[in-house]
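Subject: Structure handover

Hello,

Please find the structure below, followed by notes on what was found in it.

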Amino acid sequence: MKQDKMKIERQIDQIINENVTAIASGEETLDSILAEYPQIAPELRPRLEAVIWLQQAKLSVATRPGFIHDSRKYLEAKIESTHPSGFWQNLTRRYTPQRWVFNIAAPIIVFLLFALMINSAVITARLSIPGDPFYSTKLMIEDLQLALTFNPVEKTNLHIQQSRERSLEFIELVMEGKYEQLPVAATRMESDIIASLHVLNEITESDPAILAPSVESFRDTLSSEIFMLNVLKGSSPIAAHPGINLAIQVAQSGMLALR
Amino acid sequence: MPGRLEIDKQLIRKAQQGDSNAFGDLYESHAPAIFRYLYIHLDSQMDAEDLTGEVFLKAWQSLPKYTERGVPFLAFLFRIARNVLVDHYRQNNRLESKDPEDMDGFTAEGISEPVDIVGSQIEHQHILRKLHRLRSDYQSVLTLRFISELSPEETAQVMNRSVGAIRVLQHRALAALRDELDETG
């Protein structure tokens with residue numbers, strides 16, 4: 001008796017499992033299913049009626065249109081904001097084309113901005129004169145250039161170039177009326193000329209053949225410096241003369257030593 | 001073509017590696033069933049929507065600890081949903097109201113006429129009243145099997161019982177529901 005009851009229970013369960021989708025889609029009705037199993041109809045009917053009622057109840061608790069799609073976006077955004085993910089996870093996750101463009105473009109833009117900033121700083125330093133905030137950077141860059149130049153001829157040319165740069169700074173200081181800076185600038189000019197002469201002296205000892213062009217270039221630089229400083233002296237106030245005279249003396253001494 | 005379970009496994013693996021899009025796919029597959037399970041226990045559609053999001057957020061947080069060899073993903077989600085419901089009841093310090101006049105007036109998208117909204121809410125309250133008169137394990141088995149459309153095996157995993165026990169419980173629960181429908185009309 002108990003076994004029969006269990007057998008019926010199992011059969012009803014099977015019928016319900018097999019037909020629940022068909023009932024929901026309307027392919028099967030209560031009567032059509034009961035007609036197939038008349039021997040267990042009294043047991044099956046109330047349960048099938050309950051299943052049909054539950055199918056209708058299911059429809060009344062369905063999600064509203066668009067909810068799943070919208071809430072998915074919200075959930076993903078919330079996950080993104082709350083979950084700290086690693087560098088490689090960030091790189092390998094699925095992105096939209098706009099996100100990819102942003103991911104590639106952002107580091108490039110940052111790099112270019114950084115390079116532009118460095119470049120601007122270098123240019124500002126190169127244009128600076130004694131007394132400017134970036135002048136020490138300019139001297140540091142020049143020292144770095146000298147330290148990284150190992151060829152004696154190139155090193156001499158660099159010293160000559162720096163000596164020329166000092167005289168240009170000198171002219172600019174006079175033009176801007178910064179006369180108090182002139183003695184220091186003249187001393188710096190002297191140091192560069194002495195350094196140039198030292199290197200030329202080293203070349204004379206090691207390889208006299210390549211000396212001539214460097215000496216010629218240095219002589220031209222010094223004579224044009226003397227000429228420019230004399231012109232400057234004629235057109236500048238008396239207050240600037242002691243400083244200019246000092247610079248002329250330095251350049252003339254350099255010329256003398258070169259001879 | 002891989003089946004649902006296989007697709008879920010692949011998505012879970014990706015989600016565990018931090019792929020929120022894969023988790024979004026899992027959400028799209030399983031959120032309707034979770035929502036129906038929650039809404040059948042609550043009288044506010046908005047609460048059910050909020051709690052659905054909460055279930056998946058908790059699932060995401062627990063995902064690193066989740067192993068495929070343990071509880072299947074759907075059962076894992078339903079267990080979280082059940083805990084979220086319990087927390088919700090505790091926070092509100094009461095069982096959900098079953099009075100149609102106690103509704104929150106939320107305007108559902110896609111139902112424009114106020115009369116439809118009220119009609120839908122009354123129908124929902126009517127269903128809640130019927131189901132809440134049943135024993136809690138009867139409510140659970142009927143909700144999981146016929147509202148959330150879980151298989152007997154999945155229902156057994158969620159309820160932590162054998163498939164045979166679920167079959168017997170479902171058999172009795174359906175009869176009890178039919179009697180309830182007869183009594184209350």
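A term to begin with: helices (H or I, at least four residues) and strands (E, at least two) are DSSP runs, numbered from the N terminus. This is a predicted model, in which local features need pLDDT of at least 70, side-chain atom pairs count only at pLDDT 80 or more, and totals for chains, interfaces and linings use all residues. Residues are numbered from 1 along each chain as its sequence is written, chains are lettered from A and ligands numbered from 1 in the order in which they are written, and side-chain values use heavy atoms, with hydrogens and water left out.

The two chains

Chain A has 11 helices and 0 strands. Its elements, read from the N terminus, are therefore α-α-α-α-α-α-α-α-α-α-α. Chain B has 8 helices and 0 strands, and its elements run α-α-α-α-α-α-α-α from the N terminus on.

Of the 259 residues in chain A, 35% are buried (under 20% relative accessible area; exposed is over 50%, partly exposed in between, with a 1.4 Å probe and protein chains only). In chain B, buried residues make up 50% of 185.

Chain A exposes about 15600 Å², and carbon and sulfur atoms supply 63% of that surface. For chain B the accessible surface is about 8800 Å², with 48% belonging to carbon and sulfur atoms. These areas come from the Shrake-Rupley method with a 1.4 Å probe; for residues, only the protein chains shown count as cover.

Contact means heavy atoms within 4.5 Å. Among contacts in chain A between residues at least 6 apart in sequence, 62% join residues at least 24 apart. The corresponding value in chain B is 65%.

Helix packing in chain B

Two helix pairs in chain B share helix H4 (residues 73–92). Axes here are lines fitted to C-alpha atoms, for helices over the stretch in contact, and angles run from 0 to 180 degrees between N-to-C directions.

How do H2(B) and H4(B) pack? Helix H2 (residues 20–39) of chain B meets H4(B) at an angle of about 50°, and their axes are 11 Å apart. The two are therefore oblique to each other (under 35 degrees is roughly parallel, over 145 roughly antiparallel, 65 to 115 roughly perpendicular, and the rest oblique). On the H2(B) side the contact includes B:Phe23, B:Leu26 and B:His30, and on the H4(B) side it includes B:Phe73, B:Leu74 and B:Arg82. The residues of this contact divide into 12 nonpolar, 1 polar and 1 charged (Ala, Val, Leu, Ile, Met, Phe, Trp, Tyr, Cys and Pro count as nonpolar, Asp, Glu, Lys and Arg as charged, and the others, Gly among them, as polar).

Helix H3 (residues 45–62) of chain B packs on H4(B) at about 125°, with axes 9 Å apart. H3(B) and H4(B) are therefore oblique as well, and their crossing is right-handed. Among the residues that meet are B:Asp47, B:Leu51 and B:Glu54 in H3(B), and B:Phe76, B:Leu77 and B:Asp87 in H4(B). This contact divides into 10 nonpolar, 2 polar and 4 charged residues.

Two buried residues in chain A

A:Gln55 is in helix H3 (residues 41–60) of chain A. With a relative accessible area of 8%, A:Gln55 is buried. Not counting residues up to four places away in sequence, A:Gln55 touches A:Val20, A:Ile23, A:Ala24 and, from chain B, B:Phe146.

A:Ala185 lies in helix H9 (residues 182–206) of chain A and counts as buried at 3% relative accessibility. Leaving aside neighbours within four places in sequence, A:Ala185 is in contact with A:Phe170 and A:Leu173. The C-alpha atoms of A:Ala185 and A:Leu173 are separated by 8.8 Å, and the two residues are 12 apart along the chain.

Two positive phi angles in chain B

Most residues other than glycine have a negative phi. B:Glu149 is not a glycine, yet it has a positive phi of about 60°. B:Glu149 sits in the loop between helix H6 (136–147) and helix H7 (152–159) of chain B.

Is B:Glu149 buried, partly exposed or exposed? B:Glu149 is partly exposed, with a relative accessible area of 47%.

B:Asn160 also has a positive phi, near 60°. B:Asn160 is in the loop between H7 and helix H8 (163–184) of chain B, and is exposed, with a relative accessible area of 63%.

Regards

Note on methods:
Left-handed = near helix turned anticlockwise from the far one by under 90°.
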